[in-house]
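Subject: Structure for your reading

Dear colleague,

Please find below the structure that I promised to hand over. My notes on what was found in it follow directly after it.

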Amino acid sequence: MLAAIDMGSNSFRLHIGRFESGAIRIVKSESEPVRLAEGLDRNGFLTEEAMKQGTEALARLFNILSSYPLRAVRAVATHTLRVAHNAPEFLRAAEKALGYPIEVISGEEEGRLIYLGVANVLAEPEESRLVIDIGGGSTELILGKGSAVKRAESFSVGTVRQSRSFFPEGIVCQAGFDAAILSARSSFEDVSSYYHARNWKYAYGSSGTVRSIAEIISLNGLDKCMFFQDNLTALRESMVRAGNIGNMNYAGMKAARAASIVGGLAILTALVQMLRIKLVSPVEGGLRMGVMWKLYFQVAQRDRAEREFLQCLDAD
């Protein structure tokens, strides 16, 4: 069995699975809503409370890991721990709580692992695609074909910053959305030509944010329009009518995730507008699945090397 821990800016998530019949089957998943990015103070330091919540969450994940016969475990941390000035202090306590090393991965490595997870779920070797992952602290754009990554980049614009900056005190208005979308566009404008729709055939959203937005649109009858951008507009207008994040009561949306969804909607809208995306299809693959596939390839390679070594000994 293999285990992957994704220490994201919104949640710490765990997958445990095994390789069966050409696929990785997940046998256990767990999510801890730590909201680490919200624990960054104005000077870029994680607060004591945020670090305490993070280590307690990892201790609970350790208890789950301990009950499975695991061959390999990998824990990766993303944007918030890339930028927090006191990340080394937190990581020392975090590794002790989790019982395994924690690797703070680069934005490019995060993008490549996300793509690996998506590519193995889709299993379309000739498909050219754009993968979008909108997280709490950053957004990743990955361009590829089949299993090959052509370009992967991470941008320091995520749901937490957009929500805090443009929807203060939970107030949702058209002016706030316009400013949030414009701000997000500015983060991507220098590279928009690389990820433009002319360079790929299908677009996928691998993050929980994109999947949640698609589910909210579908469950609340906001998908009556022919074009995906019109559906995003319908959801945005509905949120503006609600007037406040606290007033939103959409089927498929947990109250605790409302602020994240509003910020994520602004980022997704900016990308759809800039890159001329007609449709973003949500997909279950993502960072954790990519980590698990990489673990599987490493274990399989090690097993092959050990078998070859033993065969050489037997031959002697």
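Gly99 follows helix α3 and has a positive phi, near 85 degrees. The model is a predicted one, in which local features need pLDDT of at least 70 and side-chain atom pairs count only at pLDDT 80 or more, while totals for chains, interfaces and linings use all residues. Residues are numbered from 1 along each chain as its sequence is written, and side-chain values use heavy atoms, with hydrogens and water left out.

Helix α3 itself covers residues 87-98. Helices (H or I, at least four residues) and strands (E, at least two) are DSSP runs, numbered from the N terminus. With 12 residues, α3 reaches 16 Å from its first C-alpha to its last, close to the 16 Å expected at 1.5 Å a residue; the expected span is 1.5 Å times one less than the number of residues.

Which residues of α3 are buried? They are Ala87, Phe90, Leu91, Ala94, Ala97 and Leu98, where buried means under 20% relative accessible area, exposed over 50%, and partly exposed in between (1.4 Å probe, protein chains only). These residues lie on the same side of α3, because they cover an arc of only 125 degrees around the axis; the arc is that of the directions from the helix axis to the C-beta atoms. The face turned away from the buried side carries the exposed residues Arg92 and Lys96. The partners against which the buried residues of α3 pack include β1 (2-7), β2 (12-20), α1 (48-65) and β4 (72-77).

Thr55, in helix α1, counts as buried because its relative accessibility is 17%. Apart from neighbours within four places in sequence, Thr55 is in contact (heavy atoms within 4.5 Å) with Phe90, Ala93, Ala94 and Ala97.

Pro101 sits in the loop between α3 and β5. Is Pro101 buried or exposed? Its relative accessibility is 62%, so Pro101 counts as exposed. Leaving out residues up to four places away in sequence, Pro101 touches Ala75 and Glu95.

Helix α8 (residues 228-242) has 15 residues, which should span 21 Å at 1.5 Å a residue; the end C-alpha atoms are 22 Å apart, which agrees. Among the buried residues of α8 are Phe228, Leu232, Leu235 and Met239. The elements that cover the buried residues of α8 include α6 (174-188), α7 (208-219), α9 (258-275) and β10 (280-282). Just after α8 comes Gly243, with a positive phi of about 85 degrees.

Asp133 belongs to strand β6 (residues 128-134). Asp133 is buried, with a relative accessible area of 11%. Although Asp133 and Ser206 are 73 residues apart along the chain, their C-alpha atoms are separated by 5.2 Å. Beyond residues up to four places away in sequence, Asp133 touches Ile114, Ser138, Thr139, Glu140, Ser206 and Ser207.

Finally, the second largest pocket has a volume of about 200 Å³. Of the 13 residues that line this pocket, the closest to its centre are Ala37, Leu40, His79, Val160 and Arg161. On a 1 Å grid over the protein atoms alone, a pocket is an open set of points where a 1.4 Å probe fits, with protein on both sides within 12 Å along at least five of seven lines; lining residues have an atom within 4 Å of a point. Grid points are joined across faces, edges and corners, and the volume is the space filled by probe spheres set on the points. Helices α2 (79-83) and α5 (159-166) each supply at least two residues of the lining.

With kind regards
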